[in-house]
Amino acid sequence: MPIVVNLDAMLSRKNIKSKELAEIIGITTANLSILKSGKARAIRFSTLEAICKALDCQPADILEFVDE
Amino acid sequence: MDKIKFLSRSLLIVNILLITALVAQIIIFVISGLIDPGVVEDKMFGIFHHLIQAIQVFLLLIGLWNVQQGLQRMVRSGLYNIDTQKKSRKGGTLLILFGMVSIILNLIRISETNLSDLVGHLVQNVFTGLVGIGLLVFSEFVKNGIVLKEDVDLTI
């Protein structure tokens, strides 16, 4: 998929563990893992909003378009 | 889900009755027809008369068995699963086949049957075929449902 999720990079930059983020934004670690691995088909605005709020960043910091 | 369970159990009972009827038909009519052809000599297919009927029942049984198994899988694994989709498609195809074969056989045996019986049989066969088509449509619904469920499950 040409949309790449850079969540791992953001997590290490902000020094937050996946489990902590999952708890803050209210999703399971399994779902967060699906999101990080790029297996997710879609992301809800509410989830994106929660992630941006938790990591204090912009959607563009997490999602990137890479032309294949 | 209760209605699906009820339908699945009802179909299981119907299938058990069909198996019993099939075994009885094979033992009583098919074998006796092959041993003593005099019993069925006035029939269009002669000694194969009861054998053909048994094959028809077998076709119906396999179709209904698949439908029942699909419903059972639905009860166990949820509404949208690949097994239910496959079993419904197979069951539907077999019911259509049963309907078509029965219509053809009824038309071949037209001289043995009176008109009211013939019409009754043909209506039954057409409806069985329609149920089969309905099952194919249901199978497509389940197929689309699987895709939608996967989309929903993978939306975070």
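Two residues are in contact here if their C-beta atoms, placed from the backbone, lie within 7 Å. This tour concerns a predicted model, in which local features need pLDDT of at least 70, side-chain atom pairs count only at pLDDT 80 or more, and totals for chains, interfaces and linings use all residues. Residues are numbered from 1 along each chain as its sequence is written, while chains are lettered from A and ligands numbered from 1 in the order in which they are written.

**First stop: the two chains**

Select chain A and chain B together. Their contact takes 11 residues from chain A and four residues from chain B. On the side of chain A that touches chain B, the largest share, three residues, comes from helix 3 (residues 29–37) of chain A; helices are DSSP runs of H or I with at least four residues, numbered from the N terminus. By class, this side of chain A has six nonpolar, two polar and three charged residues. Ala, Val, Leu, Ile, Met, Phe, Trp, Tyr, Cys and Pro count as nonpolar, Asp, Glu, Lys and Arg as charged, and the others, Gly among them, as polar.

The mean for chain B is 89, and 93% of its residues reach 70 or more. The model has an ipTM of 0.81 and a pTM of 0.78.

Next, select residues 18–25 and 45–55 of chain A, which are helix 2 and helix 4. Their axes, lines fitted to C-alpha atoms over the stretch in contact, with angles from 0 to 180 degrees between N-to-C directions, come within 9 Å and cross at roughly 120°. Helix 2 of chain A is therefore oblique to helix 4 of chain A, since angles under 35 degrees count as roughly parallel, over 145 as roughly antiparallel, 65 to 115 as roughly perpendicular and the rest as oblique.

Show the side chains as well: Leu21(A), Ile24(A) and Ile25(A) in helix 2 meet Thr47(A), Ala50(A), Ile51(A) and Ala54(A) in helix 4. By class, this contact has six nonpolar, one polar and no charged residues.

Select Asn15(A), in the loop between helix 1 (7–14) and helix 2 of chain A. Although Asn15(A) is not a glycine, its phi is positive, about 55°. Asn15(A) is exposed, with 7 other C-beta atoms within 10 Å; a residue is buried with 20 or more such atoms, exposed with 12 or fewer, and partly exposed in between.

Finally, select Asp56(A), in the loop between helix 4 and helix 5 (59–62) of chain A. Asp56(A), a residue other than glycine, has a positive phi near 50°. Asp56(A) counts as exposed, with 9 C-beta neighbours inside 10 Å.

Technical notes:
Helices (H or I, at least four residues) and strands (E, at least two) are DSSP runs, numbered from the N terminus. pLDDT is the predictor's confidence in each residue, from 0 to 100.
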